[in-house]
Amino acid sequence: MADEINPGQQSHSTPDPGTITPTNAPTTPHHPFYNLPSELILDIVDLLPPESFINFAFANYPLLHAYGLAPALSRPRVVYITTQTRIPALFPLLRLPPEIMLHVMRHLKPIDIMRFAVANYQDLARQGIAPPLSARTVGQLRHAVGVGDEGG
């Protein structure tokens, strides 16, 4: 079995460097919340209303990405999220009042809420559904995909 330890083998194993886990996720903040069992974190996240989950997800992107609750971000998507572009709404759905949009989002799973928020961040931010991103959060998101590390 995978849990068996061979003679001379250490009792703890080093995770595969290519595997993202909550303990080796880049820039995971040190806070007692992150020491909770993953099942409990996932249960807590499931109880958050969409607007709270979006706030939590952007602020804790590395942790939620490690748990599969936040999509992988591409460089262009991070630039879109972290810059104040005024791209017009691409979908008429986003012209719904924020109250109706939040009601619809309440029926989505957390990963789907995050995917929607990432894809439509500028519009959701204009409606007050997605949070304005702090300089620290912008830096964390940009660092996650290497935007700005080499001046680009």
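This is a predicted model: local features need pLDDT of at least 70, side-chain atom pairs count only at pLDDT 80 or more; totals for chains, interfaces and linings use all residues.
E99 is exposed, with a relative accessible area of 58%.

1. **Starting at E99.** E99 belongs to helix α5. Although 28 residues separate E99 from Q127 in sequence, their C-alpha atoms lie 9.7 Å apart in space. With a relative accessible area of 58%, E99 is over the 50% that marks a residue as exposed, which is why it gets that label.

2. **The buried face of α5.** Which residues of α5 are buried? In this helix, spanning residues 98-105, they are M101, L102 and M105. Looking down the axis of α5, these buried residues fall within an arc of 95 degrees, so they line one face of the helix.

3. **The overall layout.** Stepping back, the protein chain has 8 helices and 0 strands. Along the sequence the pattern reads α-α-α-α-α-α-α-α. Of its 152 residues, 36% count as buried. Among contacts with a separation of 6 or more, 72% are accounted for by residues 24 or more positions apart.

4. **α2 against α6.** The axes of α2 and α6 come within 10 Å and cross at roughly 75 degrees. That angle lies in the range from 65 to 115, so α2 is roughly perpendicular to α6.

5. **α4 against α8.** How do the axes of α4 (residues 75-82) and α8 (residues 135-145) cross? They come within 9 Å and cross at roughly 170 degrees. This is over 145 degrees, so α4 is roughly antiparallel to α8. R75, V78, V79, I81 and T82 of α4 make the contact with V138, L141, R142 and V145 of α8. The residues of this contact divide into 6 nonpolar, 1 polar and 2 charged.

6. **The buried side of α4.** Within α4, the buried residues are V78, Y80, I81 and T82. Helices covering them include α2, α6, α7 and α8. Of these buried residues, V78, I81 and T82 also take part in the contact with α8.

7. **The nonpolar core.** The largest nonpolar core has 36 residues, and those touching the most other members are I54, F58, L64, L73, I81 and L141. At least two residues of this core come from each of α1 (38-47), α2, α3 (61-66), α4, α5, α6, α7 and α8.

8. **L141 in detail.** What does L141 contact, leaving aside its neighbours within four places in sequence? Its partners are F58, Y61, L73, V78, I81, T82 and L133. Among them, F58, L73 and I81 are also named with L141 as the core residues touching the most other members.

9. Are they buried or exposed? Q140 is buried, because its relative accessible area of 12% is under 20%. A135, at 69%, is exposed because that value is over 50%. For Q140, the C-alpha atom is 8.0 Å from that of Y61, 79 residues away along the chain. For A135, the C-alpha atom is 9.2 Å from that of T82, at 53 residues along the chain.

Notes
Residues are numbered from 1 along each chain as its sequence is written. Side-chain values use heavy atoms; hydrogens and water are left out. Buried means under 20% relative accessible area, exposed over 50%, partly exposed in between (1.4 Å probe, protein chains only). Helices (H or I, at least four residues) and strands (E, at least two) are DSSP runs, numbered from the N terminus. The arc is that of the directions from the helix axis to the C-beta atoms. Axes are lines fitted to C-alpha atoms, for helices over the stretch in contact, and angles run from 0 to 180 degrees between N-to-C directions. Angles under 35 degrees count as roughly parallel, over 145 as roughly antiparallel, 65 to 115 as roughly perpendicular and the rest as oblique. Contact means heavy atoms within 4.5 Å. Ala, Val, Leu, Ile, Met, Phe, Trp, Tyr, Cys and Pro count as nonpolar, Asp, Glu, Lys and Arg as charged, and the others, Gly among them, as polar. A nonpolar core is a set of buried Ala, Val, Leu, Ile, Met, Phe, Trp, Tyr and Cys residues joined through side-chain atoms within 4.5 Å.
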